[in-house]
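Me: I am new to this structure. Please show me how to read its features, one at a time.

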Amino acid sequence: MDTVTETVDARGLSCPQPVMLVNKTIKKLNKGAVQVLVDSGTARDNVSRLGRNSGWAVTVEEQPDLSYRIWLKK
């Protein structure tokens, strides 16, 4: 993946906190590569939806510890 512009570690947070953190980050950056770390399927789905709806390319990687790394790229 490209150079990470920002990392949002939202593990341990319940929705809507991960979405709110990511939304703040992508509005601030407007482009680049954002790595988002979450540990629930709900947060994965909601952050992915936010990214796609905001015009970012979204890639999700399941991690060995059953958490998720979501890449948002624009």
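Reply: Begin with a cut-off: a residue counts as exposed when its relative accessible area is over 50%. Leu 66 has 58% relative accessibility, so it counts as exposed. Keep in mind that this is a predicted model.

Me: Where is Leu 66 placed?

Reply: Leu 66 lies in the loop between β3 (57-62) and β4 (68-73). Its phi is near 70 degrees, a positive value in a residue other than glycine.

Me: What is the phi of Asn 30?

Reply: Asn 30 is not a glycine either, yet its phi is positive, about 70 degrees. Asn 30 sits in the loop between α1 and β2 (33-38). With a relative accessible area of 51%, Asn 30 is exposed.

Me: How do I describe two packed helices?

Reply: Use the angle between their axes and the distance between the axes. Here, take helix α1 (residues 17-29) and helix α2 (residues 41-53): the axes come within 9 Å and cross at roughly 25 degrees. Angles under 35 degrees count as roughly parallel, so α1 is roughly parallel to α2. The crossing is right-handed.

Me: Which residues of α1 and α2 meet?

Reply: From α1 come Pro 18, Val 19, Val 22, Asn 23 and Ile 26; from α2, Ala 43, Asn 46, Val 47 and Leu 50. By class, this contact has seven nonpolar residues, two polar and no charged ones.

Me: Is the peptide bond from Cys 15 to Pro 16 cis or trans?

Reply: That bond is cis, with omega near 15 degrees. Pro 16 is in the loop between β1 (6-9) and α1.

Technical notes:
Residues numbered from 1 in each chain as written. Predicted model: local features only at pLDDT ≥ 70, side-chain atom pairs only at ≥ 80, totals over all residues. Heavy atoms only, no water. Axes fitted to C-alpha atoms, helices over the stretch in contact; angles between N-to-C directions. Helix = DSSP H or I, 4+ residues; strand = E, 2+ residues; numbered from the N terminus. Parallel < 35°, antiparallel > 145°, perpendicular 65-115°, else oblique. Left-handed = near helix turned anticlockwise from the far one by under 90°. Contact = heavy atoms within 4.5 Å. Nonpolar A, V, L, I, M, F, W, Y, C, P; charged D, E, K, R; others polar. Buried < 20%, exposed > 50% of the residue type's maximum accessible area, 1.4 Å probe, protein only.
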